[in-house]
Amino acid sequence: MTSRKLFSVFTAILIGGILASCSEKTFDPLQYVEPGIGTAHSRWFFYTPAAVPHGMAKLAPSTNGHEGNPSGWEAVGYDIRHQSIAGFVHFHEWQIGGVSAIPATGELKVVPGSLQQPETGYRSAFNRKTEIAEPGYYSVVLDDYGVKAELTATARVGFHRYTFPESSQSRIILDVGNEQGESGEVKDAQVRMIDDTHFEGSVSTYPKYVETYDPGGEITMYIWGELNRAPLGTNAFNREGIHRESREAGGVGAGLSLEYKTAADEVLEMKVGLSYTSIANARENFQKEAAALSFDQAKQRAQESWRDELAKIQVSGGREQDRIKFYTGLYHALLGRGVANDVNGAFPLHDGTAGQIPLSEEGKPAYNFYNTDAIWGAFWNLTQLWALAYPERYNDYVNTQLEMYKHRGWFGDGISNSQFTSGVGTNFVGLAIAGAYQAGIRNFDTDLAYRAVRANELSTESRPDGSGKQDVRAFINKGYVPFLEENITDTSGAYFSASHTMEYSFSAFAAAQFASALGRESDYKELIGYAGGWEKLWDPSTKLIRPRDIKGNFIENFKPTEPWRGFQEGNAVQYTYYVPHNPAKLIANAGQDRFNERLDSIFTEARKGGFGGGKEIDAFAGIHSPYNHGNQPNLHVSWLFNYSAKPWLTQKWTRAICNEFYGVEPIHGYGYGQDEDQGQLGSWYVMSALGLFDVKGLTDLKPTVQIGSPVFDEAVIALPGGKTLTVRTIDNSPDNVYIQSATFNGKELKNAWLYHEQIREGGVLELGMGAGPNEEWGIETPPPSEL
């Protein structure tokens, strides 16, 4: 995502470990998860093995998070190229980071040392041979201090276990006011001991993207924690110095040094309850989730929760590296978008107060409120995965956005504690909600949702920057967004005008289908008219999308592969295929033979660069190329051949991308530093490896699922209501990527697609595979698409 959006590329390049193999009789997906498969631009929280699915507590080591993030998106957090750790951080979320802790011995230092001069503060070298990273657990030996550190978590509580050497100068440093990556400037912090073994505190930050899109907003994180042994002494500190034997610290850079004398192999433990609403709720989260749990019990529960979630999709066969890619991608998808509400249903509001989620009869929140990166492109990965096997996650996302609408009057493109943190500025929230409804996920206020979706597409008055679509008035007035030479977006147009036009056309289509489903035919007619806006930018001379200026003229000095000028994080060749709602019309405009020849040649060329930016570690690598799998605008393109009578090319290219763009080495990861964006690229791998995908992101009135080339011999997917969907292949192999024949529930399947409602009912999809394409299969009837 973008220089305006941003993909807080926190994660930096990662490394992890595979759990010990389980017996052949027991399926254990954790044996295939490597938390360390990632890239320099995947968002740092992906190296947060000490977490549960969608948890608030995401504990992880930080190698350079404290060094800041001047633009709001640089890759900071954990980098495999670094050889030292400056602390273990509790919060990792879009634009949110904070509360660092580290065990130490020797001379007291209360500021983190730099990577270049580690001796200037607390920081320790480590050997990766001692590092263990598993879902729900992390461990490493801090060589400079001789301390073994272990981390695990519940949803809202972080657990620390430190095994010390013999030392008269042992301590735990709790640095509450430590800036962490994109969390931005620390505005205020406080922490204090409230008795011999308990502490509480808070830290408020001003993230770069809150400053940009929601000026004046702040992010506050609260803690309430417990030590298993009272310290012999407590030193409070802030950036102005150390206040010895003080039990309370405040101001910027506040923290506590908890002093001990330890025998060899003595264990000190700490539990930290977290909240975004109050210290009282941090304590309640602690009491309900962790008070009675030991470290080992918490670790066991965390890992069982990962087993339960990952095992909802069980794959067999294929290569081990494919299973590692699959379950690591699924792990990333289930890690992102963490809960922001407390166990009692309180969640953070924009003004610093707390909202309240309705409670069930059992006293539990009816849904979860998430902090979330923008949804840009997530309808081609995350939402399809949620709709398939994790509908409760999709329902949570929709209700989160409806809470934003109720309290702020608009959807939030990106959300950080109810602050607008935008992202790309085009706001696909309405499209994602429409897709949920069409996919049968409707456990939300439908009337409220529709009003909000319609407003997202058509309303212009008093629209805050953080809700995106600042140029929607121009789109409504002209049917396209006029190009502005300056890098701005306003009511008259935008620098990213062509990509915005393509995106608004798609989201208008989704809103129109939602209106139709609810019987609002006049709204349908209005919205569907805007869905054809992309055609106003169709240049018949080049058969490409080309920006127009405010007078309606095509821009001059047009270069099809030039990025940014008219196209956000891409170029004209890439965005020409951004007509997911009407592939048939796009194909007809280009001419079917020319469409197929051009698109096939694009993939042939893109393959030379690994379908991204080659081996360049750069989140914007690939934006000059004709195709870039490392960013959201292209993620549906390899599936378009199903609409153009050559489904075997979808089978060929989706399998090639799975094999070559994705890797199992830490630096290769997801294409050498591309936009994983809270599980999006990982989710794309999961869906494509299953051979199931919808170009329209489930937004059609009657959604379909297109069929590709499954990677595995068999995949069994647990569906809601106790049903299962099995995708089975015969004679599958790395070479046999082409479908020869197909049946669904025992009946011959001649088309390369099914209706989504058929998928939801479950059954068995069986595909015979071969080394050469069967050019007669799958072409009888293309997936539905309006001309």
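Of the 787 residues of the protein, 66% count as buried, where buried means under 20% relative accessible area, exposed means over 50%, and partly exposed lies in between (1.4 Å probe, protein chains only). The model is a predicted one, in which local features need pLDDT of at least 70 and side-chain atom pairs count only at pLDDT 80 or more, while totals for chains, interfaces and linings use all residues. Residues are numbered from 1 along each chain as its sequence is written, and side-chain values use heavy atoms, with hydrogens and water left out.

## The whole protein

The secondary structure comes to 17 helices and 35 strands. Helices (H or I, at least four residues) and strands (E, at least two) are DSSP runs, numbered from the N terminus. The radius of gyration is 26 Å, close to the 28 Å that the globule rule gives for 787 residues, so the protein is as compact as a globular protein of that length. This radius is taken over C-alpha atoms, and the globule rule is 2.2 Å times the number of residues to the power 0.38. The C-alpha trace spans about 80 × 60 × 55 Å along its principal axes.

The protein exposes about 24,700 Å², of which carbon and sulfur atoms supply 46%; accessible areas come from the Shrake-Rupley method with a 1.4 Å probe, and for residues only the protein chains shown count as cover. Among contacts with a separation of 6 or more, 71% are between residues 24 or more positions apart. Contact here means heavy atoms within 4.5 Å.

## The sheet of nine strands

Strands of a sheet pair through backbone hydrogen bonds, either parallel or antiparallel. Two strands pair if DSSP finds at least two bridges between them. Nine strands form an open sheet in the order E6-E7-E8-E9-E18-E13-E12-E11-E16, with antiparallel pairing. Its edge strands are E6 (132-134) and E16 (248-250), each of which pairs on one side only. Neighbouring strands of this sheet are turned by 15° against each other on average, direction ignored. Axes are lines fitted to C-alpha atoms, for helices over the stretch in contact, and angles run from 0 to 180 degrees between N-to-C directions.

Strand E18 is largely enclosed by the rest of the structure, because seven of its ten residues are buried.

Helix H2 (residues 279-289) lies across E9, E12, E13 and E18, running at about 45° to E13. Helix H3 (residues 295-310) packs on the sheet and touches E6, E7, E8, E9 and E18, and its direction makes about 50° with that of E8.

## Other strand pairs

An open sheet of three strands has the order E28-E29-E34, again with antiparallel pairing. Strands E28 (692-693) and E34 (753-755) stand at the edges with a single partner strand each, so one side of each is left without a neighbour in the sheet.

Strand E32 (residues 738-744) is joined to E35 (residues 763-770) by six antiparallel bridges. E32 also forms a hairpin with E33, with two residues between them, and Asn745 in the turn has a positive phi of about 55°.

| Strand pair | Bridges | Facing residues |
|---|---|---|
| E29 and E34 | three bridges | Thr704 and Tyr755 |
| E32 and E35 | six bridges | Ile739 and Met769 |
| E32 and E33 | two bridges | Phe744 and Lys747 |

## Helices H6 and H7

Helix H7 (residues 429-438) is largely enclosed by the rest of the structure, because ten of its ten residues are buried. The buried residues include Val429, Leu431, Ile433 and Tyr437. Their cover includes helices H5, H6, H8, H10 and H17. Just after H7, Gly440 takes a positive phi of about 90°.

Glu403 lies in helix H6 (residues 391-408). Glu403 counts as buried because its relative accessibility is 3%. Not counting residues up to four places away in sequence, Glu403 touches Phe347, Tyr367 and Phe369. The side chain of Glu403 makes a polar contact with the side chain of Tyr367 at 2.5 Å. A polar contact is a pair of N or O atoms within 3.5 Å; within protein, one must be able to donate a hydrogen and the other to accept it, and residues adjacent in sequence count only if both atoms are side-chain atoms.
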